[in-house]
Amino acid sequence: MNVRRTARGLSLHSVIWLIGAFVVVPLVYAVISGFKSTGELTGNPFGLPEEWKIGNYTGILGDGMFWRQIANSAGIAIGTAFVTVAASAMAAFVLARYAFRGRELFYGLFTIGLMFPFAVAVLPLFLMLRTFGLLDHPLGVILPQAAFGLPMTIIILRGFFRTIPAEVEEAAVMDGCGKFRFFWRILLPMARPALGTVSVLAIVASWNNFFLPLLVFNDPKWQTIPVGVQQFQGQYSTDYALVLAYIVLAMVPALAFYAVAERQLIGGLAAGATKG
Amino acid sequence: MPSSVPALAKERTEDAVPVRRPPAPGRPSPRGWRDWAAVAWFLVPALVLFLVFVLAPIVVAVFTGFYKWGGIGPLDDFVGFANYTRLFEDRVFLGDLGRGLYLIVLSLTVQLPFALFTAVLLNQRLRGRAVYRMLFFAPYILSEVVTAVLFTMIFLPGSGMADHLAGLLGLESLQGRWLADPSTVMPTLFVVMVWKYFGFHMMLFLAGLQSIPSEILEAASLDGAGAWQRFRHVTLPLLGPTIRISVFLSVIGSIQLFDLVWVMTAGGPNHSSETMAIAMFQFGFKRYQVGYASAISVVLFMISLVFSLFYQRYVLRRDLSGAVTSGGGR
């Protein structure tokens, strides 16, 4: 019995290790290759570097363009999260707590947004942003991203706002608290965990977005990190080790954010699928 | 967008309880213009954003799809449905549709079972399972572009890791092909897709597995059900709602695939990895046939819309009534 259990445990672990290798090997390959020269990488793709050269990494870290792209991505992600969450929280508040005529119509309108693939909208969006003069302007990326984030954010927040007992609001109204004050001083502070979750989702989606910044930003000074990665690859396409070092450094902020916000991220993505 | 999961599930269950019930106490209906003004004040920012940046583009695409237009200058060459008839006579575009279908089929038959298998493994008592979960989900956090550049390097003919690996495994026939050969490019892209997205589906399945009450499995065990029978007749049916959401997201994700493909192959070699979104981008931004590209957008939109409506109507609908794990019977 014990032998069987051990054998089963071993085979279970070896399967998981195999899957783990599939996930990890490409990442480790990139990190290690960044320490090689391109010449060495071609001849020795798997082994450790003969000499750990940090020049690829330090060269990129010393380049203002890299930091500029990080800063642009961060600024746009924060701006997007702010606009998405602010507009969604306000809408979700009345959609959750006031029974007015047409409420479900408005709610339904927002939820059908889930079926609109971003790829469909991107060409006409470009034409519209050009008309509005929002090309090469951060709002040209922030506003559409926020708009596409609304449906999911409104649905999550409305669900959460509904769980706050009516007694809380009644008590507040008795104390002479109006809608605005209730929303701002009582509801939002109570909803902090939900606001955290939706902000994290908005930040990750914005950080990784490529299609829209690619079209909106012609001027390199606005480029975000995904666009920068693509440009860098085009520019140094034969210097493989350097390109790999660049993507490793581009991964670091996303992975660090994941390490910090793992709970909100996975909670936000997975909870709804099961709890409904 | 995969992030719409909670949304869908939530929406369904909210619908399940008809919302037309009388307003509960503490949920006052607005009376008088002051209350209406307050409601409007809260609703307007989201509504304006949504109308301008989500709905209006669809209208613009439908409109420009009826014109022959280079993207600049007046819209004056009305061509009716000519862009659409041209689309459906275009072999490359029909190929794009086929490739979309190819990715959907592979996702459903390979990626989702693989994700489910991994979730079941990691749902057992196992040392370090929290670490494995976090690790397997990590690729999902990376941007598509970073992933795409990473795998471009891995699949580089001659010097990439994949060629060396194939050499070690005695698969020399694959060397130098991968993304460079029309017959191998789609399977190679699919491997990258699995790498990037299986962890996301695994997380969904894990959440679903954890919501299955252990008493049910124990009861089945007492009744003499083996591991496979428990999985087949207890776990799998109870996981239904999660699986149906996963299928939905896989399909929508596959038909609008852009970033990965654009960076790795730009649709090549010779259109052999082109998707609808790539074709739209090529015509709209590289070849300045904006009217034609708009027609592609509209077709992509119609496909997504029809699929979503049918799926919600006929498949997700089952989750409304009494599925144990979804809480839909609430």
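This is a predicted model: local features need pLDDT of at least 70, side-chain atom pairs count only at pLDDT 80 or more; totals for chains, interfaces and linings use all residues.

**Chain A as a whole**

- How many helices and strands does chain A have? The count is 13 helices and zero strands.
- The C-alpha trace of chain A spans about 75 × 70 × 35 Å along its principal axes.
- Chain A has a radius of gyration of 24 Å, while a compact globule of 276 residues would have one near 19 Å.
- Of the 276 residues in chain A, 49% are buried.
- If you take the contacts in chain A between residues at least 6 apart in sequence, 77% of them join residues at least 24 apart.

**Where chain A meets chain B**

- The contact draws 91 residues from chain A and 89 residues from chain B.
- Which element gives the largest share of the side of chain A that touches chain B? Helix α13 (residues 240–275) of chain A does, with 19 residues.
- Sorted by class, the side of chain A that touches chain B holds 70 nonpolar, 13 polar and eight charged residues.

**The largest nonpolar core**

- The largest nonpolar core has 175 residues, and those with the most contacts inside it are A:Ala91, A:Val122, A:Ile247, B:Val149, B:Met280 and B:Ile296.
- Helix α13 of chain A gives the most to this core, with 17 residues.
- Why does this core lie between the two domains of chain A? Domain 1 (2–33) and domain 2 (63–275) both give residues to the core, so the core lies between them.
- Leaving out residues up to four places away in sequence, B:Val149 touches A:Val229, A:Gln233, A:Val243, A:Ile247 and B:Val263.

**A closer look at A:Val204**

- You can find A:Val204 in helix α10 (residues 192–208) of chain A.
- Is A:Val204 buried or exposed? A:Val204 counts as buried because it has 24 C-beta neighbours inside 10 Å, and the cut-off for buried is 20 or more.
- Although A:Val204 and A:Ala74 are 130 residues apart in sequence, their C-alpha atoms are 10 Å apart in space.
- Setting aside neighbours within four places in sequence, A:Val204 is in contact with A:Leu265 and B:Ile141.

**Confidence in chain B**

- Chain B has an average pLDDT of 83, and 87% of its residues score at least 70.
- The pLDDT is below 50 over residues 1–26 of chain B, a stretch with 67 contacts in the model beyond near neighbours in sequence.
- Residues 320–330 of chain B also have pLDDT under 50, and the model has 34 contacts for them beyond four places in sequence.

How values were computed: Residues are numbered from 1 along each chain as its sequence is written. Chains are lettered from A and ligands numbered from 1 in the order in which they are written. Two residues are in contact if their C-beta atoms, placed from the backbone, lie within 7 Å. Helices (H or I, at least four residues) and strands (E, at least two) are DSSP runs, numbered from the N terminus. Ala, Val, Leu, Ile, Met, Phe, Trp, Tyr, Cys and Pro count as nonpolar, Asp, Glu, Lys and Arg as charged, and the others, Gly among them, as polar. The radius of gyration is taken over C-alpha atoms; the globule rule is 2.2 Å times the number of residues to the power 0.38. A residue is buried if 20 or more other C-beta atoms lie within 10 Å of its own, exposed if 12 or fewer, and partly exposed in between; C-beta atoms are placed from the backbone. A nonpolar core is a set of buried Ala, Val, Leu, Ile, Met, Phe, Trp, Tyr and Cys residues joined through C-beta atoms within 7 Å. Domain bounds come from an automatic or database domain assignment. pLDDT is the predictor's confidence in each residue, from 0 to 100.
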